[in-house]
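Let's take a look at this one together. Have the sequence and the 3D view open as you read.

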Amino acid sequence: MKKNIAILPGDGIGPEVTAQALNVLKAVEKRFGHHFNYTYADVGAIAIEKHGDPLPEATLATCKNSDAILFGAIGHPKYDNDPTAKIRPEQGLLRLRKSLGLFANIRPVTAFPKLLHLSPLKEEKVRGVDFVIFRELTGGIYFGKKGKTESEAYDHCTYSRPEIERIAHLAFQEARKRRGKLTLVDKANVLETSRLWRKVVTEMHTSEYPDIEFDWLYVDNAAMQLIQWPARFDVVLTENMFGDILSDEASVLTGSMGMLPSASVGADTALFEPIHGSYPQAAGKDIANPMAAILSAAMLLDSFDLNEEASVVREAVQMVMEAGFGTEDLQAERVCKCSEIGGKVVELVEKIEVEVAV
Ligand code: IPM
Ligand code: MN
């Protein structure tokens, strides 16, 4: 198979973890006889520095001409405490999502047996946790009308029926492939937009997905239940802002944020990225956990329907962890550098066999 992949390493630890994911993709190419053509492009703080723009035209063009995007991380401390900054690295990611129509952010949260003891929850609560969050990504308060005067500011939250329907379809279909449960998270006791979400998703359930077990939770209650009974969730569907907050909450349940990948999908080119940020304190030290980036590469392979290849990568990650290897954040029995962990995954990807469901 021939594919074009855009590589956007970004800031902080982004380049280090992306390099490991790339090595894994190269090992997949070699073993399975594929040809991936990689084009690098700048995004985030590094792009502001080099081009004065967190998403230069050339980067957007590269992304549009690619079959998939592998993204590292963005963000730099120098912008974080400056409310007057006009240009911010995050704008690059938001514009990229909007320009590519990446309306659904998919974040699987899976407990790794080896990491249960790292969870802030008791082991018995987190054992078996396996759910996926579908977060709407190009609407709501993030992209509504904004304004400010000296003494007032506002951010509008707007949703339309088609915006809700397209992601709800994806979430219901995923529930069908999994345990058949979908939970809508909203704030319908207060917000008009949430009442529209509730109405539209309930109608879709009745008319098109009656086989799915459907329930809903107010977002405050959902925040509580994620801690109290995380194993109750299968597919969680929610709007942009609630999804942003809940997915960070969910990411720590399973022990380390450094393990969790994500996919952002839309009509066309999809983007794959670890859910962690740029972690500037660790940048350049070769200590970051590359597993989330590597597992994001596995999701990218799935998007090409290369399911055996993706399974080999996931299995290799499991085996490295089961053998007790891990980066600092995992407090592993055998602490390794970011590049060493990547190297171990590559070695296994070159040779292990997996069973693939047909
Ligand atoms: C995320 C991040 C972004 C968001 C930031 C960097 C704009 O937190 O991908 O979850 O809020 O969507
Ligand atoms: Mn976030």
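What follows covers the ligand site and then the cavity.

## Who sits around the ligand

Keep in mind that this is a predicted model. Start with ligand 1: the residues around it are E90, R97, R107, R135, Y142 and D244.

Which domains does the shell around ligand 1 draw on? Domain 1 (1-116 + 254-358) and domain 2 (134-252) each supply at least three residues.

## Polar contacts and cover

Y142 has a polar side-chain atom 2.6 Å from an oxygen atom of ligand 1. For D244, a polar side-chain atom lies 3.0 Å from an oxygen atom of the ligand, and for R107 the distance from a polar side-chain atom to a ligand oxygen is 3.1 Å.

How much of ligand 1 does the protein cover? On its own, ligand 1 has 320 Å² of accessible area, and the protein covers 75% of that. As for where it is, ligand 1 sits in the second largest pocket.

## The cavity

Which residues line the largest cavity? The lining is made up of F131, I133, V185, A222, L226, F233, V236 and L246.

How values were computed: Residues numbered from 1 in each chain as written. Chains lettered and ligands numbered in written order. Predicted model: local features only at pLDDT ≥ 70, side-chain atom pairs only at ≥ 80, totals over all residues. Heavy atoms only, no water. Near = heavy atom within 4 Å. Polar contact = N/O pair within 3.5 Å; in protein donor to acceptor, adjacent residues only side chain to side chain. Areas by Shrake-Rupley, 256 points an atom, 1.4 Å probe, with all protein chains shown as cover. 1 Å grid on protein atoms, 1.4 Å probe; cavity = no way out; pocket = protein on both sides within 12 Å on 5 of 7 lines; lining within 4 Å. Sits in = over half its atoms within 2 Å of the grid points. Domains from an automatic or database assignment.
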